[in-house]
Amino acid sequence: MRALLVTSVGVTCAAALILPLATPALAAPPPHTVSAGPPSLSPESPGAGPPAVRTAGLPAADSAGSTQSLPLEPLAAPSDRVAGAGAAAGQGLERRTARPFSLVGVVWDDAKAELHGTVQVRTRATGSADWSDWQDVETHNAEHAADLGSDERSSGGVRGATAPLWVGDSDGVEVRVRPEPAGPRGRSATAPLPEGMRLELVDPGPDPAPGPAAETAPEPARAAPAGRSAAVAAFAVNPAPPTTPVVLPEVLTAESEAASAVNAELAPLGATFIPALTKAQTEDAATIAAGAKPYIGPRPGIITRKGWGADERLRERQFAYTKTVKAAFVHHSATGNNYTCKQAPSVLRSIYRYHVQSSGWRDFGYNFAVDKCGNIYEGRAGGVTKAVLGAHTLGFNTNTMGIAVLGSYSSTNPPAAAVTAVSKLTAWKLGLFGRNPKGKVTLTSGGSNKYKAGAKVRMNVISGHRDGFATECPGARLYKKLGTARTTSAKLQGR
């Protein structure tokens, strides 16, 4: 039986106790997952238009979203048209029609197995005959995951997985996975591909219905909450989040109520948005770590899990916590930059479903997410003020928080609004635990490809994922902006 640290509802963590968790998320086929093999889909010739979907064997999509899981097949011998002369044979799927989806990824059975190779996909926009160019999928090989030996990691349901890729509303797909040839990393033979590879096609479902207007209308002069940049007014392309919480009228499920109740001292039960506070208001409301000097930035507005439409039935019921938050690790989601801010909630729901149902994690991996317009989102459930245990930086999840900037920033500059949002979020959250954003901290590695388990590592309080793991994440362009984020965050704290 799995067990994790569980605390009572409230802003300040209460005494801890050990409670059993739900059955591992993927011990049996999870709800809303469709395991659809090739017979239920229609292959296509390269020049053909969109064929009709075979309705037999294709269940209707769930209103809250769904996942199609398609086993990969051996590819024909490589050709110049497909992969270039001399390329190694691999696995994949020829062009075929599927039920609509918006995010793709490849998973395999053994979470410890690495995919030494390349993954490429191309998709067809829903209702059209237009196919995209080939797109690379990042094969991050478990660098974003629960720590080795943790209950989440050893659940028996965790799988190996690539990064997810946002492709937008699509109904056709083709994928090819090629192993790395002999030579790289000292290998004398081509590395075998992991066993049990499957293509995951994720439909995020529709956006949640907007709630009624708040009882107190926002002042006309305030188009956005205090402390938010003007760029955030582009939230959902149209309105900025309301200045007062929106409470949804429907009766909450037990899971939704629990996910909302941990933020009850910040916003009403069922709120879609936690409003921003001024610095003075934040200092009055904050519970600062014992003995810490009250350096803290103003609380930014945060879109709750209810606000972005998280299906609380997917995650495990209990919340896992660590003792404190010593540092923040900044990531990019590697899902690509072809999304609008209006689509950001859909991107989050897709990543969430991919993390839980496809990869076998207990919940969304990151503690927070930030979109290109600077909107901040609650990530893993458990309370935005609390030290929630995430699955974002293999080896360094304990006593840290993970922030994912939606997009890919290896060769693209992150928007200024996103970097500013990281500064605001860290100034507030790190301030709750008495941390200096410009300071250093010693963390103990749980084991990664960069630091062995038990190693004491001196790091920046605001670090990039690559500081704890040998990876490109958070992308070279975003990593270069972390110095700016540290300086701004410290200033917001009043340092």
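How many of the 6 residues of strand E12 are buried? In this predicted model, 6 of the 6 are buried. Strand E12 spans residues 198-203 and is therefore largely enclosed by the rest of the structure. Its side chains point two ways. Arg198, Glu200 and Val202 point one way from E12. Leu199, Leu201 and Asp203 point the other way. Residues of both groups are buried.

Strand E12 has pairing partners. Strand E5, residues 66-71, pairs with E12 in the antiparallel sense. This pairing runs over 6 bridges. Within it, Ser66 stands opposite Asp203 of E12. Strand E7, residues 91-108, also pairs with E12 in the antiparallel sense, over 5 bridges. Here Gly105 stands opposite Glu200.

The cysteines come next. A disulfide is a covalent bond between the sulfur atoms of two cysteines. The model holds 1 disulfide. It joins Cys341 to Cys373, with an S to S distance of 2.0 Å. The link is right-handed, with 95° about the S-S bond. It connects distant parts of the chain, 32 residues apart. Cys341 lies in the loop between strand E15 (327-332) and helix H4 (344-358). Cys373 lies in the loop between strand E16 (368-370) and strand E17 (376-378).

Burial was also computed for individual cysteines. Cys341 has a relative accessible area of 4%, so it is buried. Cys373, at 12% relative accessibility, also counts as buried. The cut-off for this label is under 20%. Cys473 is buried too, with a relative accessible area of 0%.

Conventions. Residues are numbered from 1 along each chain as its sequence is written. This is a predicted model: local features need pLDDT of at least 70, side-chain atom pairs count only at pLDDT 80 or more; totals for chains, interfaces and linings use all residues. Side-chain values use heavy atoms; hydrogens and water are left out. Buried means under 20% relative accessible area, exposed over 50%, partly exposed in between (1.4 Å probe, protein chains only). Helices (H or I, at least four residues) and strands (E, at least two) are DSSP runs, numbered from the N terminus. Two strands pair if DSSP finds at least two bridges between them. A disulfide is a pair of cysteine sulfur atoms within 2.5 Å.
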